[in-house]
Amino acid sequence: AQGAFIAIGAVVGARLVGAGIPTIAAAPAAAVAGGVAAAATGAAFGRLPRAGFDAATWIVSWLVAAALDSLTWPLGGSQGVVVTAGPSTTGHYELALALTAVSALGFLALARSPVGLRLAAARDREAAANELGIPVARLRIAAVAASGAVAGLSGALAVELAGVGDPSRYDSYLSFKL
């Protein structure tokens with residue numbers, strides 16, 4: 001459901017920037033919104049087997065896409081909403097470079113940390129991880145929430161760069177492409 005979390009970030013980012021809040025505050029708020037939505041999704045479906053989790057989150061992405069397209073207040077319905085504020089194209093580029101570097105370093109740090117090793121154990125050998133006392137369900141919810149926060153941040157920045165919040169950009173196919 002990453003497309004849904006990007007869409008949630010785009011809605012929050014577009015609305016906050018439209019209300020005059022600068023990107024430096026709107027983007028983290030969008031990240032929080034994406035993370036909260038992802039945590040709720042992870043809590044609801046995290047105990048399902050992988051195929052069930054995939055199907056359930058795919059349905060979430062369809063529901064969010066349908067809501068964005070049919071409701072006018074989030075992103076203007078099928079008409080979209082114009083986002084005139086935000087950093088320049090050069091500012092977005094520099095921010096993207098910085099966020100890419102931070103993400104790469106964060107990934108390296110996580111992969112070698114105890115939390116990263118627990119996540120790998122939960123992914124590779126769930127039964128063994130459970131026997132070792134690793135809280136697999138909590139780790140999965142936290143991982144989904146963290147990825148939703150990153151998706152929300154990217155949605156907020158992408159809608160500002162595009163200059164328009166178009167609900168058709170956040171259909172369920174976006175999750176498939178990601």
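## Helix α4 against helix α7

Helix α4 (residues 89-112) and helix α7 (residues 136-162) have axes that come within 10 Å and cross at roughly 160°. This geometry comes from a predicted model. Angles over 145 degrees count as roughly antiparallel. α4 and α7 are therefore roughly antiparallel to each other. Their crossing is left-handed.

On the α4 side, the contact uses Thr89, His92, Leu95 and Leu99. On the α7 side, Leu153, Leu157, Glu160 and Leu161 meet them. By class, the residues of this α4 and α7 contact are 5 nonpolar, 2 polar and 1 charged.

## Helix α4 against helix α5

α4 also pairs with helix α5 (residues 114-124). Here the axes come within 4 Å, and the crossing is roughly 70°. Angles of 65 to 115 degrees count as roughly perpendicular. α4 and α5 therefore lie roughly perpendicular to each other.

From α4, the contact takes Leu110, Ala111 and Arg112. From α5, it takes Pro114, Val115, Gly116 and Leu117. The α4 and α5 contact divides into 5 nonpolar residues, 1 polar and 1 charged.

## Ala27 in helix α2

Ala27 sits in helix α2 (residues 23-45). Is Ala27 buried or exposed? Buried means under 20% relative accessible area. Ala27 has a relative accessible area of 5%, so it is buried.

Leaving aside residues up to four places away in sequence, Ala27 touches Leu153, Ala156 and Leu157. Ile6 is another reference point: Ala27 and Ile6 are 21 residues apart in sequence and 12 Å apart in space, C-alpha to C-alpha.

## Helix α3 and its cover

Helix α3 (residues 50-70) has 21 residues. From its first C-alpha to its last it reaches 30 Å, close to the 30 Å expected at 1.5 Å a residue.

Which residues of α3 are buried? They are Phe53, Ala56, Thr57, Val60, Ser61, Val64, Ala65 and Leu68. Their cover includes α1 (2-18), α2, α7 and α8 (172-177).

## Ser61 within α3

Ser61 belongs to helix α3. Its relative accessibility is 2%, so Ser61 counts as buried. What does Ser61 touch, not counting residues up to four places away in sequence? Its partners are Ala1, Ala4, Ser172 and Ser175.

Note on methods:
Residues are numbered from 1 along each chain as its sequence is written. This is a predicted model: local features need pLDDT of at least 70, side-chain atom pairs count only at pLDDT 80 or more; totals for chains, interfaces and linings use all residues. Side-chain values use heavy atoms; hydrogens and water are left out. Axes are lines fitted to C-alpha atoms, for helices over the stretch in contact, and angles run from 0 to 180 degrees between N-to-C directions. Helices (H or I, at least four residues) and strands (E, at least two) are DSSP runs, numbered from the N terminus. Angles under 35 degrees count as roughly parallel, over 145 as roughly antiparallel, 65 to 115 as roughly perpendicular and the rest as oblique. A crossing is left-handed if the near helix is turned anticlockwise from the far one by less than a right angle, and right-handed if clockwise. Contact means heavy atoms within 4.5 Å. Ala, Val, Leu, Ile, Met, Phe, Trp, Tyr, Cys and Pro count as nonpolar, Asp, Glu, Lys and Arg as charged, and the others, Gly among them, as polar. Buried means under 20% relative accessible area, exposed over 50%, partly exposed in between (1.4 Å probe, protein chains only). The expected span of a helix is 1.5 Å times one less than its number of residues.
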